[in-house]
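Please look at the sequence and the structure below, and then read the short report on the ligand and the sheet.

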Amino acid sequence: MFLCLVANRFSQSALLKLKQTEGMEAHSAEDITELKQFWGTAEGLLIRSGTKVNKKLLNEMPKLRVVISATSGFDHIDLKECNSRGITVMHTPHANVQSAAEHTWGLILASQRKYLRCTDQIRKGNWQRGSLVGQELHGKSLGIIGFGRIGQRVFKMAEAFDMKVQVHDPYVDQTPFPQVKFLGYEEVVRNSDIITFHVPLTTETKNMVNHNSLEWFNDSATLVNASRGAVISLDALLSFLPENPQFSVALDVFPSEPLSKESQLLQNPNVFCTPHVGATTEQGIAKASVEAVDKMIAFSLHEKISDSLPPNAIWAEKLIEAP
Ligand code: NAD
């Protein structure tokens, strides 16, 4: 019997498939601590980002052979520690690309059309549209930083708005994208009305938006981040915002999550925030659950490995180790 533990939210149909697999014994709970009695014997672990796979947990799971996260991000897993113990780690990087890209456009539209202020005004009984004049996207320039799965999907959607798009990604193979204008980071930022980040968190991307690079942004630009919070230096942003009243920000991710309700960010009317829900759609969760479960079954039956971590990319050497 292959003993597999499932922590966090997985779709019922995926769980059922796992539990009905011959040779598989599976136990699931929202919180991994509820499964403590099985830690000593489990070979497989299925998680989402709510479970931190760190040295402490790994010490208590001596038989663990495979960790599969039904997520695109993986900074909740200590990859080096897993690797040194010979534990295979996989993830589901394709399952929530659509959800994350759609959410990016939600953030962009919310900031351009002041949706938060609109609702707020109606709640207060105000119907004064003069203070709610927004911006069209048509003809505006969009800068995409990071042209991987999500950046490319965001690019495709930009065509529908007839936007001028420029991209910065020093690692992507540009050959399949002759139609894409690739530029340096500073050039993209200086020439874009809206700049959206879709990078992993590495030693290079941490604080990519800092005191220095914020000076490259147009006074009335919009900064969007649905990648990893630490890509933006919050201190730098907090001192930049009051001096630039036309500048707006739309964020799904924060250097430290959850973002405190006392955060100064929330005092600024030009900041639109969501609580890291880029991948949180019924469809995204369902696709990731099925994909992760299928990978677990394939590993238990045939030792099959796909979408293993760390990713096979040059920038992977620069990943910032997490938990
Ligand atoms: P990906 O690995 O497919 O793409 C990342 C791209 O960033 C790659 O093309 C890489 O070459 C590029 N890159 C690396 N270093 C760079 C640098 N210094 N400058 C510019 N580009 C650089 O990843 P993805 O699936 O597109 O995900 C992008 C980010 O979004 C990740 O951080 C992921 O964790 C995050 N994410 C967030 C949510 C959410 O809920 N908000 C959901 C899914 C993914």
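This is a predicted model: local features need pLDDT of at least 70, side-chain atom pairs count only at pLDDT 80 or more; totals for chains, interfaces and linings use all residues.

Residues are numbered from 1 along each chain as its sequence is written, and side-chain values use heavy atoms, with hydrogens and water left out.

Around the ligand there are 28 residues, of which R149, I150, D169, V199 and D252 are the closest; a residue counts as near if one of its heavy atoms lies within 4 Å. The table lists polar contacts, that is, pairs of N or O atoms within 3.5 Å.

| Residue | Part with the N or O atom | Distance to a ligand nitrogen atom |
|---|---|---|
| E204 | side chain | 3.2 Å |
| A226 | backbone | 3.0 Å |
| D252 | side chain | 2.8 Å |

The protein buries 93% of the 870 Å² that the ligand exposes when taken alone, with areas from the Shrake-Rupley method and a 1.4 Å probe.

Seven strands form an open sheet with parallel pairing, in the order β8-β7-β6-β9-β10-β11-β12; strands are DSSP runs (E, at least two residues) and helices are runs of H or I (at least four residues), numbered from the N terminus, and two strands pair if DSSP finds at least two bridges between them. Because β8 (181-182) and β12 (271-273) stand at the edges with a single partner strand each, one side of each has no neighbour in the sheet. Five bridges join β6 (residues 141-145) to β7 (residues 164-168) in the parallel sense, and I144 has V167 in β7 as its bridge partner. Helix α6 (residues 149-158) packs on the sheet and touches β6, β7 and β9, where contact means heavy atoms within 4.5 Å.

Definitions and conventions:
A polar contact is a pair of N or O atoms within 3.5 Å; within protein, one must be able to donate a hydrogen and the other to accept it, and residues adjacent in sequence count only if both atoms are side-chain atoms. Axes are lines fitted to C-alpha atoms, for helices over the stretch in contact, and angles run from 0 to 180 degrees between N-to-C directions.
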